[in-house]
Amino acid sequence: MPALNYVGISVPRKDAVEKVTGGAKFLEDLYIGPMLYARIKKSTVAHGRIKRIDTSKAEKHPGVKAVVTGREFPNKVGLYLIDRTFFAVGKVRYWGEPVAAVAAVSEKSAAEAVELIEVEYEELPAVFDPREALQKEAPLVHEHLETYERVPVFYPTPGTNISNHFKLRKGDTEKGFAEADLILEREYHVPQMQHVTIETHKAAALWSHDGKLTVWSTAQSPSIVRQLLAKSLDLPLGRVRVISNYIGGGFGGKAGATMEGLVIPLAQKCPGYVVRIVFTREEDVQGTFTRQALYARLKTGVRKDGRITALQYEMIWDGGAYTEYGVNIVRAAGYSSTGAYDIPNVKTDSYCVYTNNPVGGPVRGFGMCEMQWGIERQIDEIARELKMDPLQLRLINGMKEGSRTASGQAVAHVAFDQCLQTVAEAIQWGRKEGRYRGKGIAGLVKAPAQPSNAASSAIIRINEDGTVHVLMGATEMGQGMLTAISQIAAEALNIPVEKIEIRVPDTDFSPYEWQSVGSRTTYTCGKAVQMAARDVLEQIYRLASLELGKPAGEMKLDNDTVYWLKDKSKQVPLKKLADSYKKDTGEGVSGPIIGRGSYVPTKMSNLDPETGQGNPGLFYCFGATAAEVEVDPETGTVKILQLAASIDAGQAVNPQLCRVQVHGGTIMGLSTALYEEIQLDRGRVLNPNFTDYKIPTIANTPPISSFILETAEADGPYGLRGIGEQPMISVAPAIANAVADAVGIDPRTFPLTPERVYKAIKEKEAGTHSIPG
Amino acid sequence: MPSFAYRKCTNLAEAFKLLKEDDRAVPLAGGTDLTVGIRGGKFRVGALIDIKDIPELNILLADRDGITIGAAVSLNRIISFGPIRENVPILAEACHCIGTYSVRNRATLSGNICNASPAADAAPPLYCLEARVNIAGPRKKRTVSIEAFFTGPGQTVLQQGELVTSVLIPRPYPAGKGVYLKGSRTGSVDLATVGVAVQRRGNEVRIALGAVAPTPVRAGSVENAVNKNGETDWAAAARLVRDDISPITDLRGSREYRYHLAEVLVRRGLEQVMEG
Amino acid sequence: MSKNVTINFSVNGERETRVVEADLSLLTFIREQLNLTGTKEGCAVGECGACIVLLDGNPANSCLVLAAELDGKELLTIEGLARNGELDRVQKAFIDHAAFQCGYCTPGMIMSARALLERNPSPTDADIDEALSGNLCRCGAYQEIREAVKSCSRHNGEGRIE
Ligand SMILES: Cc1cc2nc3c(=O)[nH]c(=O)nc-3n(C[C@@H](O)[C@@H](O)[C@H](O)COP(=O)(O)OP(=O)(O)OC[C@H]3O[C@@H](n4cnc5c(N)ncnc54)[C@H](O)[C@@H]3O)c2cc1C
Ligand code: FES
Ligand code: FES
C-alpha cells in the first residue's frame, strides 16, 4: 500500500479546543427558542392495568402548558420489533414507565405538576426472571405479540414471552460430542448494567406552526430517529428534522429512538415552543436501555489434545418490558456464538424473553461481552480439567485465516493468535508471582451487528477557496468520528486535515447514515467519504485538464494545487477551479464542486431461519485482554495489578485516539468485572445513582498497556476496521480468569465484588465452589 | 416560588433566633448531606441557616484542653491541621476517606456527625478518642460525649434550635498508634460497608465501628478481652466483635458479610496497632 | 425570612451582583443565569464531578452548593481559564494527551486538575489520583488524564510553567 500522509497520524482531535474550553455545545447547552420544560409521570408498579389517570389538577397548575397521556398517543415505535409506545397505553410493563408528561414554563412547575397527576393501577402478576417467564403459567408481558410489526429476521413466539428465538445449527453436535474426551456443562450469568454516560438522555422538540417537526436529541443515530418517528407519527420524512449535537457518551444507550417520543406529543400541543426534557440520573438508569441480563448454559466437548469438537449454547436473555432493539442483540450473540474460536459443530438457541424489568437494549459489545463471558470462562475451566495452559488451549482453537464462524462465514486477515500472545507476553504469562496473585487471559471477536443493507453516505464540498466541508450523518459521542473522518477525507483528497471541516449531524443537511453504532462508522462512513472524494477528484481533474490542456488521468491534487504528473510546473491553484471555474474569456464552465459517496455493504446476507447459517459480518475484529490480579482472600477484595489489551485495528486512523478508545473500553470492562450491576427489587432499580451504582475512578485504574495490531482489512478504507466496542469484551473474563488462577474459585457471574469473591472462597473451602448467580 | 429560604449568619445569636422562628429551619454547614437529602426528598426544610460565616465556628486550635474543631471547619482543613496529624492521625485518616477531595473541601466534621449516618466515617475514631461534642442553644450550652450524641440512624441528642459549635478531642492524646480501616466496594469514593477504628492508648485499646449497627458502636467485648483479660490472640479477640454489632443487609453488603468483615478488620487493626 | 437573596461575587474575574432564589443550586445558576454552560451536570448528588468549579480557588461540586452561598466569593469556571485566546497549560496538556473522548467530564476534570496544580505544583501519581477521584469519566480516559496532569508538573521536563 502506498505511504499514507494523513491516515495513521495522531493529529489532535477536531473537537479538542471546544471541549477543553467549555465551548462544546451539548444539547442542554443550547438556547433554541422559547422553551418549555417537560417532566414525566412514571409508573409505580412493574406490571399493572391503568385504571384511571386524572390530569385535571396538573392542567390547572400555574405554568403548565400541556399534559399528555398514552391514550392520546397510542402509536407504536421500534427498530426491529415494533412493540413500544411513547407512553404506556392501557397497561404499564415496567417500574418507571412513562404514563404521562407535562410541559410547563419552568422545570419546577413541571415537576410540581407531575406530582398532581393521579394514576390508579390494578396490579397484575409480574415476572422478573426470564427463566420463569418461559414457563407456561408465567404472566404474559405482551398479550398480542402476533400483531406486532417486525423485521422478518426475528422470530417471536406469540402466546409466550419469547420475542425472538434465534436458532443456529452448524455441523453435527452429536457427532462432535461423541468425539470428545471431555464434556463440560456449566451455567453462566451476566447481570443488567447501565451505560451511565455522564451526559444523561435529553431531547427537545419543536412543532412549527406549518406542521414541521424538529427534534434535538442526544441520539447516536439521527437518521434512524427521523425514520422511526416519521413512521410512528405518520409524517413524511421531509417534515421531520433531527439534530444531534455533541453527545456526552453513547455506548449504545443512545442508539435507536429512545425518549424523543416523550416530548413530541407535548410539542404538538404547544406549537412554536421548544419542549425539552432532561433525564435526571435516576430516570436515566431506570428508564433507558439497560444491558440485558443473560442466563447461559454452555456444553463444550473437547479432545484430550485440546481441540474443541462441539458446543451447545443456550442463552436466555432478560429483554425487559420491551425488546424492540433487544431482539437483535439476541440474534447477534446467537450467530457469533463460538466467540473467537473455530468450532466445527455448534447448536445454539438464543431466546429474547420479555419480563417486567427495565427495558433491555444495546450496550457496548452488543451481546458479545455477555455471550463471550461464558465461552472465555469455560475455556479456562476446560484447560484446568485437561491440565493445559489456557493460552495454549486458546491458540489451538482460536480462529485463523479462513476459519469459519458459528454462522459459517469465513474470516480473513486474522491475527488472533498474535493478539493473544502479545498480551500474554506483556504480563509475563506463565510466571507465578505470589500466593494470592493470578493471571488470566481472554480473547474476543466482534463484527458490527447491522442489517445487511445498513448504508452510509457522504457529501464533500470544495469551498471556493479550496478548503473542504465534509457532510456526514454520523454522530460525535467521543469516539472521534469528526477527527477520523477528516483524516480519511484528507487522505483521499490529499488535502491537509486542518483544511477539512466537518460538523455534527442535522438530517436537514447531512446525508443519510444508518446509525453510529456497532463499531462501524469509521469503516462505512470512511467508505462513503472515499467514494465522495473520488467523485470530487474526477471533477477537479476534468477542470484541470481543461485548464492545463493535459489528460485528466494524469493530474494530481496536492493540497491547494493541481499539477500535471509529468511536469510539475504545469499546475493550477485548486481555488481557481473551485470558485465556479470559468475560461479566461469569462465563459463559465463549471459550478461548485460537490462530490457524493453512497455506500452499502454488498457481501452480507440474511441467515437461514433454521440453521442460522449465512454472512452476517461486515468485518470481524479480533483482540485479547490479559490481567494480573491480587486477591485479598479474607475480604474478597480484587486488586488489578496490570492489564494488557490488544486489538487488531487493521489500520489505526489516529493511533493516539485509537489508544484512548482501547483504554476506555478496557476500563469499562474492568468496571463491569468488579463493580457494575443494576440491583432490582421487583423491577425497581435500587441503585439509580453513582452513590450505589459504582464505576471506577482514576484511583481504581491500573496501568494498562495497549497493543494495536495492523493486519489490514482488505475491503476496509485504508485497511481499517472498527474497534469501538471491542476492547471491553474480553476484560471481564480475563479478570475473572485471573481471580480463578489466584484463589481457585470459578466465577460464573460478575461483578466480582469483595463479598461475592469472599463467599466463593468460603464455599470452595467448604467444598461447594463456584460463584453463584 | 422557592421551596425554602436561606440566610447567612455571622453570629450565633442570629442563628439561634432564625432557627427558632421557623421550626423547619435547619443549620447548613457544607451542605453535602443536606442538599442531596433535600433533592432526594429525605429532608423537607423551611429555611437553611448558613453557619459557615460565624467566626466561633471556624475555630481550629490546639490548646491545653485538646484540639477544638469548630463546626464550620472543612474536612480538608482538619486533615492538614498539624496538631491533628501529629497527635491523632487516626482522625485525619478517617476524614480523608470521606467522599472526594471537592466534597471534603466543604463537608464538615460536625455535619458528618449531625447527619448521624451509621456509616459516618468520622464517628468511629471520635469514639476511640473520646471526643466531646459542644452544643449550644438559645439559652444554654452543654457538652455530651460522642457516644451519647448518637441516638439512632439519622438521630442525635440535638434539640430543634440547637447547634453543635465544636468537637473537642481532649487531652491527653493517646500514646500509641491508631488506624481507621474502611471496607468498601470500590476502595475509592465509596460509603463504608464496615468502618473500623482501632486506637491504642498505652497498653489498652479502643475500638469502634461504623455501618454495623443503628449508630456507630464501641467494640466493648473486644476491648474487654484485650484490656481486662490480657487477650493477645488478636483473632480470638476480634471474633468477639460479633457480640457488639448488629448489622443489616443493604446494597453495600449483607449482614453476614458485615459480621465477617468487621471481624477481619478488627483483627487487622489490632495487629497493626498492638504489635511493633 | 427572605426567599430571594442578593449576592455579590466575581465570576471569571468580573464583579457581579444578582438576586437569586434561595433554593437555586449554584450549578443551575451558573448554567442558566450566568449562561456559562461549560459546567455540566452528571448526577446532581456530588458523585461525578462534572459540575466542579473553583470557589476562592478551591474545587466545589456546584450541584451541592446554593447560588446564595456564592455571596462574597470568587467563582472560576472552565470559561475563565483561557486568557486572551491563549489556553491554560492544563487545557493544552489535555489536548496533547487526548485526555478525553466525549468531553462531558472534561470541564470538571480540568478544574480539579488546575486546583491540584495550584496547591501542589509537583503532584505524584497518588496525588493526582486522590485529587481527581471525584471526577468520573465514563469514557475512561483516566490513563491519559493522569499523563496530562503529570506533564504539567514542575518536576516534569515537558511542564510549561508560566
Ligand atoms: C459524593 C459524596 C460522598 C460522600 N462520601 C462519604 C463517605 O465516604 N463517608 C461519610 O461518612 N460521608 C460521606 N459523605 C457525606 C459527608 O459528606 C457528610 O456526612 C459531611 O461530612 C456532612 O457535613 P456537611 O458540613 O456537608 O453537612 P450538611 O450537609 O451541611 O449538614 C448535614 C446535617 O447536619 C446538620 N448540621 C450541620 N452542621 C450542624 C451543626 N453545626 N449543628 C447542628 N446541625 C448541623 C444539617 O442541618 C444537616 O441535617 C459523602 C457525601 C457526598 C456528597
Ligand atoms: S453533578 Fe455535581 S457532582 Fe455530579
Ligand atoms: S470524556 Fe467522556 S466522560 Fe470523560
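1. Helices (H or I, at least four residues) and strands (E, at least two) are taken here as DSSP runs, numbered from the N terminus. In chain A, strand β26 covers residues 567–573 and includes P573(A).

2. This is a predicted model, in which local features need pLDDT of at least 70 and side-chain atom pairs count only at pLDDT 80 or more, while totals for chains, interfaces and linings use all residues. Residues are numbered from 1 along each chain as its sequence is written, chains are lettered from A and ligands numbered from 1 in the order in which they are written, and side-chain values use heavy atoms, with hydrogens and water left out.

3. P573(A) counts as partly exposed because its relative accessibility is 42%, where buried means under 20% relative accessible area, exposed over 50% and partly exposed in between (1.4 Å probe, protein chains only). When residues up to four places away in sequence are not counted, P573(A) touches D560(A) and T561(A), a contact being heavy atoms within 4.5 Å.

4. Elsewhere in chain A, three strands form an open antiparallel sheet in the order β6-β2-β8, with two strands pairing if DSSP finds at least two bridges between them. The edge strands of this sheet, each pairing on one side only, are β6 (91–92) and β8 (118–123) of chain A. Strand β2 (residues 48–54) of chain A is joined to β6(A) by two bridges and runs antiparallel to it, and G48(A) stands opposite V92(A) in β6(A).

5. Chain C contains five helices and five strands, which follow one another along the sequence as β-β-α-β-β-β-α-α-α-α.

6. Along the principal axes, the C-alpha atoms of chain C fill a box of roughly 55 × 30 × 25 Å.

7. Of the 162 residues in chain C, 66% are buried. Among contacts in chain C between residues at least 6 apart in sequence, those joining residues at least 24 apart make up 53%.
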